[in-house]
Amino acid sequence: MNSPISLVQSIDALLPQTQCGLCGHRDGCLPYAQSIAEGENANKCVPGGQPVADALAALLNRPKLQAEESVWPVQADGRPQRIKAVIREDECIGCTKCISACPVDAIIGSGKLMHTILTDLCTGCELCIPPCPVDCIDLVEDQQPLPTEAQRLAEQDDLRQRYYAHIQREEKRRTDRKGPVVRAEIDTALFARFSALNEQLPVIEVASKPENAPVAFDSKTTIELAKLRTQIKKLEKQLSVREDARKRTQLEELTQQLQALQG
C-alpha cells in the first residue's frame with residue numbers, strides 16, 4: 001500500500017534522524033516513517049523515547065503506546081540519555097570501516113591513519129562499533145545541556161541532510177566498488193523519491209550498477225547480527241559495573257537470539 005507522501009514526510013519530521021535502525025528498519029528514519037504510515041506501531045523509535053511515541057500518536061490520531069525501552073536511563077525531557085561514540089585513537093589502525101558505517105559522516109580520517117569522531121555531529125547510533133576490527137570505539141554519555149525544541153528541530157534537519165548526502169556518496173561508492181562496504185545496500189530509490197520533493201535535501205540519483213556486480217550475501221542477517229552483538233556488548237559492560245536482574249535477563253535473551261541466527 002502506497003501512503004500519501006505528505007503523511008510520510010510529517011512522520012519523518014518527528015523522528016530524531018539518528019538513522020540507528022533500532023526500530024527494525026535498517027535504513028533509518030524514513031523507511032520507518034513510511035511503514036508507520038502504512039499501519040506499523042509508532043512506538044519503536046528507541047532514541048526518541050516516549051515524547052516521540054506520543055507525538056506520533058497525536059499526529060496519527062492513534063492510541064498512545066509505551067515506547068520501546070532503551071538500555072540507557074531516561075533524561076529530564078523523557079528521552080533516553082544522549083550518547084556519543086569516541087575512538088580510542090592510540091588503538092585505531094586506520095581501516096576506514098567506521099567512516100563508511102557512520103550515517104551522518106561524523107568520522108574523519110583516511111586509510112592507515114588515525115580516525116576521530118566529531119562529537120558535535122555524532123548521533124550515538126552505534127553503527128560504527130560492529131565494523132571496528134580492533135574494538136577501539138566506546139560510548140559515553142553526552143555531557144552537553146539538553147537542547148531546546150528549536151535546537152532539536154534544527155539538529156534533526158541537519159542530520160537528515162547529512163544522511164542524504166551520505167547515501168548519495170555511498171551509492172556511487174558501491175557502484176564503483178571503491179572502499180569497504182560495511183552496510184547492507186540502502187534502498188536508494190526510496191530516498192531518491194523523497195529527495196526530489198525537498199529542495200533543501202541533496203538530490204539522490206539511483207546509479208546504474210555494472211553487469212555481474214557481486215551481491216552481498218544475506219545482508220539483512222548480517223546487519224541483525226551486528227545489532228545483537230552491539231546490544232550484548234553494551235549490556236555486558238553495564239553489568240560489569242552493577243548487577244541488574246532485568247538487564248541480565250535481557251542479556252540472556254539477546255544471546256539466545258544471536259546463537260539462533262548464527263545457527
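**Exercise 1. Is Lys234 buried or exposed, and which residues does Lys234 contact?**

*Step 1.* Start with the relative accessible area of Lys234, which is 13%. Buried means under 20% relative accessible area, exposed means over 50%, and partly exposed lies in between (1.4 Å probe, protein chains only). Lys234 is therefore buried.

*Step 2.* Keep in mind that this is a predicted model, in which local features need pLDDT of at least 70 and side-chain atom pairs count only at pLDDT 80 or more, while totals for chains, interfaces and linings use all residues. Residues are numbered from 1 along each chain as its sequence is written, and side-chain values use heavy atoms, with hydrogens and water left out.

*Step 3.* Now place the residue: Lys234 sits in helix α7. Helices (H or I, at least four residues) and strands (E, at least two) are DSSP runs, numbered from the N terminus.

*Step 4.* Look for partners, where contact means heavy atoms within 4.5 Å. Setting aside neighbours within four places in sequence, Lys234 contacts Val71, Trp72, Glu126 and Leu139.

**Exercise 2. Where is Glu126 found, and what is its phi?**

*Step 1.* Glu126 belongs to the loop between β3 (116-117) and β4.

*Step 2.* Its phi is near 75°, a positive value in a residue other than glycine. Most residues other than glycine have a negative phi.

*Step 3.* With 9% relative accessibility, Glu126 counts as buried.

*Step 4.* Asn61 lies in the loop between α3 and β1, and at 71% relative accessibility Asn61 counts as exposed.

**Exercise 3. How many helices and strands does the protein have, and how do they run from the N terminus on?**

*Step 1.* Count the elements: there are 8 helices and 4 strands.

*Step 2.* Follow the chain from its N terminus, and the order reads α-α-α-β-α-β-β-β-α-α-α-α.

*Step 3.* Check burial across the protein: 44% of its 263 residues count as buried.

*Step 4.* Check how contacts span the sequence. Of those between residues at least 6 apart, 64% join residues at least 24 apart.

**Exercise 4. At what angle do α1 and α2 pack, and at what angle do α1 and α3 pack?**

*Step 1.* Recall the method: two packed helices are described by the angle between their axes and the distance between the axes. Axes are lines fitted to C-alpha atoms, for helices over the stretch in contact, and angles run from 0 to 180 degrees between N-to-C directions.

*Step 2.* Helix α1 (residues 5-14) meets helix α2 (residues 29-37) at an angle of about 125°, with axes 8 Å apart. Angles under 35 degrees count as roughly parallel, over 145 as roughly antiparallel, 65 to 115 as roughly perpendicular and the rest as oblique. So α1 and α2 are oblique to each other.

*Step 3.* Find the residues that make this contact: α1 brings Leu7, Val8, Ile11 and Asp12, and α2 brings Cys29, Leu30, Ala33, Gln34, Ile36 and Ala37.

*Step 4.* Turn to helix α3 (residues 49-60), which packs with α1 at about 160°, the axes being 10 Å apart. That makes α1 roughly antiparallel to α3.

*Step 5.* Here the contact uses Leu7, Ser10, Ile11 and Leu14 of α1 together with Val52, Ala55, Leu56, Leu59 and Leu60 of α3.

**Exercise 5. Which residues of the largest nonpolar core touch the most other members?**

*Step 1.* A nonpolar core is a set of buried Ala, Val, Leu, Ile, Met, Phe, Trp, Tyr and Cys residues joined through side-chain atoms within 4.5 Å.

*Step 2.* The largest core has 29 residues, and those touching the most other members are Ala85, Ile87, Cys98, Ile107, Ile117, Cys128 and Ile137.

*Step 3.* At least two residues each come from β1 (83-87), α4 (97-101), β4 (137-141), α7 (219-241) and α8 (245-262). Helix α7 gives the most, with 5 residues.

*Step 4.* Zoom in on Cys128: not counting residues up to four places away in sequence, Cys128 touches Ala85, Cys98, Ala101, Ile107 and Ile137.

*Step 5.* Apart from this core lies another, of 25 residues, including Ile36, Cys45, Val52 and Leu190.

**Exercise 6. Which residues of α6 are buried?**

*Step 1.* The buried ones are Thr188, Leu190, Phe191, Ala192, Phe194 and Ser195.

*Step 2.* Because 6 of the 8 residues of helix α6 (residues 188-195) are buried, this helix is largely enclosed by the rest of the structure.
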